[in-house]
Amino acid sequence: MAEEKSILTYKGKPLMRKDNVVYYGSMADSHIVMLQILETKKVGDADVASKVNGEDIASKVSVELQLTDPNARARDRIVKKSEKDGFYTALDVGCVWLKRALANK
């Protein structure tokens, strides 16, 4: 039997990961959020970028709200940008930015 691959979602929007970059949202929408893990802390033998025992261990995450327009220059696609301490903090900020941007179509 073939396994179906399910897409990871957060608050109804898809999350896609490539190395240390996570994209939140759909390319079919006008905006997406890009989260880039800039620094991680080592726990045991692994570099991790989430919470362990309630302690945030991603020390820096860049969050950007971007336009999905393929005709826009790369520099013009960035609508908002910030750096946050911790992946979940950055994801929550990006979620709010995306929700507001999609509501203002």
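Visitor: Does Glu 64 count as buried or exposed?
Guide: Glu 64 has a relative accessibility of 6%. Buried means under 20% relative accessible area, exposed over 50%, and partly exposed in between (1.4 Å probe, protein chains only). In this predicted model, Glu 64 therefore counts as buried.

Visitor: Which residue forms a salt bridge with Glu 64?
Guide: A salt bridge needs a side-chain nitrogen of Lys or Arg within 4 Å of a carboxyl oxygen of Asp or Glu. Here the closest N and O atoms are 3.5 Å apart. The pair links distant parts of the chain, strand E8 (residues 58-67) and strand E9 (residues 78-84), 17 residues apart; strands are DSSP runs of at least two residues, helices (H or I) of at least four, numbered from the N terminus. The partner of Glu 64 is Lys 81.

Visitor: Lys 13 also has a salt bridge; is its partner Asp 29 buried or exposed?
Guide: Lys 13 and Asp 29 meet at 3.5 Å, N to O. Lys 13 sits in strand E2, and Asp 29 lies in the loop between E3 and strand E4 (31-43), 16 residues away. Lys 13 is partly exposed at 25%. Asp 29 has a relative accessible area of 19%, so Asp 29 is buried.

Visitor: What is the bridge partner of Met 16 in E3?
Guide: Met 16 lies in strand E2 (residues 13-18). Strands pair if DSSP finds at least two bridges between them. E2 and E3 (residues 21-24) run antiparallel, joined by four bridges. In E3, the partner of Met 16 is Tyr 23.

Visitor: Which residue takes a positive phi in the hairpin of E2 and E3?
Guide: Two residues stand between these strands. The phi is near 55°. The residue also forms a salt bridge with Lys 18, at 3.9 Å between the closest N and O atoms. The residue is Asp 19.

Visitor: Are the rings of Phe 87 and Tyr 88 stacked or edge-to-face?
Guide: Rings of Phe, Tyr and Trp (its six-membered ring) pair if their centres lie within 6.5 Å; planes under 30 degrees apart count as stacked, over 60 as edge-to-face and the rest as tilted. The structure holds two such aromatic pairs. In this one the centres are 5.8 Å apart and the planes lie at 80°, so the pair is edge-to-face.

Key. Residues numbered from 1 in each chain as written. Predicted model: local features only at pLDDT ≥ 70, side-chain atom pairs only at ≥ 80, totals over all residues. Heavy atoms only, no water.
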